[in-house]
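This briefing is intended for a reader who is new to the structure shown below.

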Amino acid sequence: MSDGHVLVARQLTKRFSPDRPPAVDGISLEVSRGEVLSIVGPNGAGKSTLLQMLLGILTPDSGTVRIFGVDIIRHRRRVAHLINYASTDLSLPYSLSVRENLEVFALVYNLPQPGQAVSEMMERFSLEPLAKTKVGRLSTGQIARLSLAKALISRPEILFLDEPTATLDPEASAEVRQLLLEQVRKERLGLVYTSHNMREVERLSDRILLIESGKSVACGTRDALYGLFDCDNLEAVFIRSVNQARQDRRRDENADK
Amino acid sequence: MKMPTNDLEGAPVECLPLTRPPVPLFSLRPLAGILLRQVYLYRRSIPRWMEIFYWPLLDLLVWGFLTLYLRQGVLPGTTAAQALLGGLLLWDMLYRSQQGISVVFLEEIWSRNLYNLMVAPVTPYHIIAGAMMTGILKIALSSGTAILLAYLLFSYSLFSLGLSLIPFVLCLVIMGWALGIMTTALILRFGQEAEVLAWGVIFLFQPVSAVFNPVSVLPDGFRQIAFFVPASHVFEGMRQVLSGRGFSWPQLGWALVFDLLYVAGSLFLFSRVLKRARKVGFSLKLGS
């Protein structure tokens with residue numbers, strides 16, 4: 001493992017059905033401390049499958065994921081306390097209040113001073129006025145803030161976020177983005193992030209991994225990708241790279257025939 | 001900065017007439033849509049079909065066997081009534097114990113929180129252990145209340161079973177845990193449509209658990225199956241104590257042996273389901 005890398009994944013491959021192409025096909029990536037890596041790709045490109053393998057809850061057909069040098073697939077319990085995750089597809093128990101939810105997760109993550117950790121998160125994410133409000137009564141934006149508080153309460157070294165702002169209005173998205181950047185800079189945590197919002201990815205990411213049909217199309221800084229695809233914004237890079245990858249694939253398929 | 005305003009504000013506005021008439025209140029088509037939704041749901045769901053035939057059949061068996069037993073008139077009236085109430089109270093403990101585990105998992109699925117726990121540094125076995133403890137607390141509260149009410153309303157004390165009550169309850173709670181783990185495994189495997197199993201699977205065991213009637217009343221095939229059900233030995237033991245024939249150690253022994261086999265089997269099934277889930281992926285939503 002290179003110095004400074006908190007996560008190193010090599011040649012990850014996952015195929016769910018023998019009749020279909022792999023959902024993830026030989027993807028490698030690494031994340032350093034304090035770095036934001038965005039994973040970008042069209043729907044069904046394999047982003048969620050890749051995240052599940054990085055989280056150690058989906059076994060790859062081949063390849064490795066090492067977190068601080070530990071193989072997370074084989075020894076998940078040794079590093080599970082160093083990672084956390086939030087997704088728009090997930091929620092938290094509706095009938096529990098904001099504070100109660102954070103208390104539960106502070107205990108689940110075995111924090112030495114759970115009460116203090118809960119208070120810190122409540123303050124950091126401006127959740128105090130909502131402390132006694134049940135999750136079922138929160139707005140989508142408030143749930144997103146709570147999910148982030150839950151994801152950060154364990155002081156993770158690596159945070160995985162699956163489209164955290166997908167359901168938010170522009171103002172709430174900006175707020176969440178700001179909170180995330182503050183956390184990344186302050187705590188120096190590695191952030192692995194998926195989003196369909198290209199403006200957001202441009203603003204947040206140190207590096208961007210473009211994937212299509214489970215394969216890595218390109219990976220680099222925003223400016224490197226602009227140069228590579230001769231574009232001046234990420235949306236154009238996305239469209240051009242995906243089209244190019246699809247054309248290459250069709251050409252390969254035709255050549256095979 | 002002056003915000004742009006609607007220049008027509010205040011001016012008379014003419015609306016276009018309705019382009020299509022409203023849906024008639026008694027139209028059959030919307031009703032057909034609702035019905036079709038259910039038809040589609042049932043067309044693809046074996047658990048839902050099971051439910052249609054399951055409950056009437058089980059009710060028929062349980063009450064049918066009880067009728068056979070009562071017709072024999074073997075036990076004196078008071079003892080028979082005691083056996084019925086005792087059976088009901090103990091059966092509820094088994095039911096709560098099973099529910100304790102499966103409902104805990106279902107709650108996490110309903111609130112889309114299971115994945116959060118899967119990512120956390122806890123294993124599914126932590127969740128099971130937590131559910132077992134919750135189950136014990138629920139049993140203490142619900143059965144405590146039921147036992148008190150049975151005493152106040154019907155002058156029946158479950159404690160008339162004496163110290164034998166302790167092993168009886170223990171055996172039923174363990175069987176409930178085993179069935180709870182098995183049900184949870186099936187829900188994780190087949191998704192939320194297998195949710196009906198959480199409420200129904202325990203009743204599959206009721207006719208062969210001899211809750212309200214002795215095993216001897218059951219037809220031959222049922223009697224053979226009942227031998228392999230821990231609860232049948234508990235309820236047979238309970239009736240033996242109530243009829244003054246003392247505590248049956250062999251019945252307790254069989255109940256414990258099968259309990260251990262059930263727990264081992266359900267944990268094996270659960271671990272297989274988890275292994276498969278790690279191979280094919282957990283559903284984030286686990287919805288129907």
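In this predicted model, Val98(A), Leu102(A) and Phe105(A) in helix 3 of chain A meet Leu146(A), Ala149(A) and Lys150(A) in helix 5 of chain A, where contact means heavy atoms within 4.5 Å. By class, this contact of helix 3 with helix 5 of chain A has five nonpolar, no polar and one charged residues. Ala, Val, Leu, Ile, Met, Phe, Trp, Tyr, Cys and Pro count as nonpolar, Asp, Glu, Lys and Arg as charged, and the others, Gly among them, as polar. Because this is a predicted model, local features need pLDDT of at least 70 and side-chain atom pairs count only at pLDDT 80 or more, while totals for chains, interfaces and linings use all residues. Residues are numbered from 1 along each chain as its sequence is written, chains are lettered from A and ligands numbered from 1 in the order in which they are written, and side-chain values use heavy atoms, with hydrogens and water left out.

**Helix pairs**

- Helices (H or I, at least four residues) and strands (E, at least two) are DSSP runs, numbered from the N terminus.
- The axes of helix 3 (residues 98-108) and helix 5 (residues 140-152) of chain A come within 9 Å and cross at roughly 25°. That makes helix 3 of chain A roughly parallel to helix 5 of chain A.
- Axes are lines fitted to C-alpha atoms, for helices over the stretch in contact, and angles run from 0 to 180 degrees between N-to-C directions. Angles under 35 degrees count as roughly parallel, over 145 as roughly antiparallel, 65 to 115 as roughly perpendicular and the rest as oblique.
- In chain B, the axes of helix 5 (residues 124-154) and helix 10 (residues 249-280) come within 11 Å, with a crossing angle of roughly 140°. Helix 5 of chain B is therefore oblique to helix 10 of chain B.
- Pro124(B), Tyr125(B) and Ile128(B) in helix 5 of chain B meet Leu267(B), Phe270(B), Ser271(B) and Leu274(B) in helix 10 of chain B. By class, that contact of helix 5 with helix 10 of chain B has six nonpolar, one polar and no charged residues.

**Burial in chain B**

- Helix 7 (residues 195-204) of chain B is largely enclosed by the rest of the structure, because seven of its 10 residues are buried. Buried means under 20% relative accessible area, exposed over 50%, and partly exposed in between (1.4 Å probe, protein chains only).
- Among the buried residues of helix 7 of chain B are Leu197(B), Val201(B) and Phe203(B).
- Ser232(B), found in helix 9 (residues 230-242) of chain B, counts as buried at 2% relative accessibility.
- The side chain of Ser232(B) reaches the backbone oxygen of Ala226(B) at 2.5 Å.

- Gly4(A) lies in the segment before strand 1 (5-14) of chain A and counts as partly exposed at 48% relative accessibility.
- The C-alpha atoms of Gly4(A) and Arg33(A), 29 residues apart along the chain, are separated by 6.0 Å.

**Backbone geometry**

- Most residues other than glycine have a negative phi.
- Arg112(B), not a glycine, has a positive phi of about 55°. Arg112(B) lies in the loop between helix 3 (77-110) and helix 4 (114-119) of chain B and is partly exposed, with a relative accessible area of 26%.
- Ala210(B) also has a positive phi of about 55° although it is not a glycine. Ala210(B) is found in the loop between helix 7 and helix 8 (220-227) of chain B and counts as buried at 1% relative accessibility.

Terms used:
A polar contact is a pair of N or O atoms within 3.5 Å; within protein, one must be able to donate a hydrogen and the other to accept it, and residues adjacent in sequence count only if both atoms are side-chain atoms.
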